[in-house]
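Okay, thanks for having me, everyone. Let me put the structure up, and then I'll walk you through a sheet and a helix.

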Amino acid sequence: MTSMTGYAYQEKSYDKAVVSVEIKSVNSRFLDLSVNIPPYLAALESFFRKKVTDSVVRGKIDVNIRVKETEGDTEVVADTGAAKAYYDAIVNVKNACSLSGEVPLSMIISQPGVLTVNKTYDVEKYREYIEPLLDSALEQFVSDRKREGENLKKDLLEKLSVLDQCAAFFTEWKPKMEDAFKAQITQKFNELLGDKADMNRIMTETAAMLVKYTINEEIVRLSSHLKAMREEINSNPTPGKKLDFICQEANREINTIGSKNQFAEVGAMVIKAKDSLENIREQSKNVE
């Protein structure tokens, strides 16, 4: 089992750059991946994105890849034609205004297009820089999520044990609930008919009421849901979505048991079961 929250950071200095990779994630119903990378390395985004999606299933994940150049490959190109044109134009203005003095070089080279700075990037070189760092960060990230996932699994199993106890309690009290229905029906017939009460009629009415109010089917289905829940927790590496669905089904059975109940003890256990089930449902949103 894996948690959807995690964090990892890796950094390394190379000959001409310092590269860092940061990965962090929070809960999300689906996989929501964002890869932030310098614009000049945009061609590598899909490559790095696939590496992440091969390792995670669910969560809102932010991957930040930063590159700080310590020595870049820079080329400065001078447009001498543009420089001469600017110079001639400035001299014409100077003469027209009867101004003296030389035209400073700084004025010429500061004009747009006279000097152009071109930076070249070896994308393959940066891929070789970033890939091992990303692999290391992903390993750290997955390990962090699995460690937290083990804690979540332990908590889920504890809450599930409480639900097992509740289901056992409902099974124990089922015949008591049925006896109570029988006693209520018999009492009503005796109050209305006295000695004329027909025992066969009483048994028929009792059977009809038991079909309507017995919790046997709910207990069977609830036990089945709890068994499925335990199998998901123990066997499925990504049980989050399935657990949420099973919780909905189990909640339906517990609500029905509560609606048919006439005992304070059973009512208290229904509340306890609903509380544990809600905890499991909330926790299921934290795992893949």
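So, what we have here is an open sheet of 4 strands, in the order 1-2-4-3, with mixed pairing. Pairing takes at least two DSSP bridges between two strands, and the elements are DSSP runs numbered from the N terminus: helices are H or I with at least four residues, strands are E with at least two. Before I go on, this is a predicted model: local features need pLDDT of at least 70, side-chain atom pairs count only at pLDDT 80 or more, while totals for chains, interfaces and linings use all residues. Residues are numbered from 1 along each chain as its sequence is written, and side-chain values use heavy atoms, with hydrogens and water left out.

Let's look at strand 4. Strand 2 (residues 17–26) joins strand 4 (residues 59–69) through 10 bridges, antiparallel, and there S20 sits opposite R66. Strand 3 (residues 31–36) pairs with strand 4 in the parallel sense over 6 bridges.

Now helix 6, residues 216–235. Which of its residues are buried? They're E218, I219, L222, H225, L226, M229, E232 and I233, buried being under 20% relative accessible area and exposed over 50%, partly exposed in between, with a 1.4 Å probe and protein chains only.
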